[in-house]
Amino acid sequence: MDFLELEQKVTTELLSRGLANPNIRLRALEKVELYLKAKHKEIMADATLLKEFGKDKLKMEYGLYKGNALNGAESSVINEVYNQL
């Protein structure tokens, strides 16, 4: 499964939750995708590599990349990425 397929699954799940403003999480998903494109291109081709990478490591490295702690939407999106794997 490539990341685009995984992203579509996550998007479908986020939109089905009845969130007051799902666009906040959808933007967070876009930001995480941009990080992966910049730093982990191999994951874009094979999203299952995220399992080996690990959720906590992804959260830590993404936080370092953006220069501050993850916000709630970013953390939630990363959790959902791993749920959909």
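1. Which residues have the most contacts inside the largest nonpolar core? In this predicted model, that core has 22 residues, and those with the most contacts inside it are Phe3, Leu6, Leu36, Leu50, Leu58, Val81 and Tyr82. Two or more residues of the core come from each of α1, α2, α3, α4 (49-53), α5 and α6, and the element that gives the most is α2, with 6 residues. As general background, nonpolar side chains in soluble globular proteins tend to be buried together.

2. Helix α2 spans residues 22-39, and its 18 residues reach 26 Å from the first C-alpha to the last, which is close to the 26 Å expected at 1.5 Å a residue. Its buried residues are Pro22, Leu26, Ala28, Leu29, Val32, Glu33, Tyr35 and Leu36, a list that includes the charged residue Glu33. These buried positions pack against α1 (3-16), α3 (41-45), α5 (55-66) and α6 (72-84).

3. Leu29, which is found in helix α2, counts as buried because its relative accessibility is 1%, with the cut-off for buried set at under 20%. Leaving aside neighbours within four places in sequence, Leu29 is in contact with Glu7, Val10, Thr11, Val77 and Val81. The C-alpha atoms of Leu29 and Ile78 are separated by 7.8 Å, although the two residues are 49 residues apart along the chain.

4. Helix α6 has 13 residues and reaches 18 Å from its first C-alpha to its last, close to the 18 Å expected at 1.5 Å a residue. Buried within α6 are Ala73, Glu74, Ser76, Val77, Ile78, Glu80, Val81 and Tyr82, and what covers these residues includes α1, α2, α4 and α5. For Tyr82, again leaving aside neighbours within four places in sequence, the contacts are Leu50, Lys51, Phe53, Gly54, Lys55 and Leu58.

5. The packing of α5 with α6 can be described by its geometry: the axes of the two helices come within 10 Å and cross at roughly 145°, and the crossing is right-handed. The contact is made by Lys55, Leu58, Lys59, Tyr62 and Lys66 of α5, together with Glu74, Ser75, Ile78, Asn79 and Tyr82 of α6. By class, the residues of this contact divide into 4 nonpolar, 2 polar and 4 charged.

6. Tyr65 lies in helix α5, and at 41% relative accessibility Tyr65 counts as partly exposed. Not counting residues up to four places away in sequence, Tyr65 touches Tyr35, Ala38 and Lys39.

Notes: Residues are numbered from 1 along each chain as its sequence is written. This is a predicted model: local features need pLDDT of at least 70, side-chain atom pairs count only at pLDDT 80 or more; totals for chains, interfaces and linings use all residues. Side-chain values use heavy atoms; hydrogens and water are left out. Helices (H or I, at least four residues) and strands (E, at least two) are DSSP runs, numbered from the N terminus. The expected span of a helix is 1.5 Å times one less than its number of residues. Buried means under 20% relative accessible area, exposed over 50%, partly exposed in between (1.4 Å probe, protein chains only). Contact means heavy atoms within 4.5 Å. A nonpolar core is a set of buried Ala, Val, Leu, Ile, Met, Phe, Trp, Tyr and Cys residues joined through side-chain atoms within 4.5 Å. Axes are lines fitted to C-alpha atoms, for helices over the stretch in contact, and angles run from 0 to 180 degrees between N-to-C directions. A crossing is left-handed if the near helix is turned anticlockwise from the far one by less than a right angle, and right-handed if clockwise.
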